[in-house]
Amino acid sequence: MEQRQKVDTRSKDDDNNEEIYKFPLSRKEVLGGCGVLLCFVVGLAGVYLTLPDSDYSFLKLPRTLQDLHVLRRSTS
């Protein structure tokens, strides 16, 4: 009985192409990160919704170049 040896005919480039990409984080770590992000977003929304109303009637933005010159002279 003759025994035949298996010959690997694949090249080294084929080995690199067959590597399976594995995500570096586990499912628990991804869910934990999403939980932290969700808490942050909910916290920011809570702060935004509880802010008091502001009155910006005293704020005057220059509409023309002349208004800008007047504003510049008054701040100097």
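Trainee: How do you know that the span of α2 agrees with its 24 residues?

Mentor: The expected span of a helix is 1.5 Å times one less than its number of residues. For the 24 residues of α2 that should give 34 Å, and the end C-alpha atoms are 35 Å apart, which agrees. This is a predicted model, in which local features need pLDDT of at least 70, side-chain atom pairs count only at pLDDT 80 or more, and totals for chains, interfaces and linings use all residues. Residues are numbered from 1 along each chain as its sequence is written, and side-chain values use heavy atoms, with hydrogens and water left out.

Trainee: Why is E29 called partly exposed?

Mentor: Buried means under 20% relative accessible area and exposed over 50%, with partly exposed in between (1.4 Å probe, protein chains only). E29 has 46% relative accessibility, so E29 counts as partly exposed. This residue is found in helix α2, residues 27-50.

Trainee: What makes α2 hardly covered?

Mentor: Among its 24 residues, the count of buried ones is 0. For the protein chain, 0% of the 76 residues count as buried.

Trainee: Which residues does UniProt list for "transmembrane region"?

Mentor: The unreviewed entry lists residues 30-51; such annotations may be inferred rather than shown by experiment, and positions are given in the numbering used here, with feature names shortened. In the model, that span is 95% helix and 0% strand, and its end C-alpha atoms lie 32 Å apart.

Methods
Helix = DSSP H or I, 4+ residues; strand = E, 2+ residues; numbered from the N terminus.
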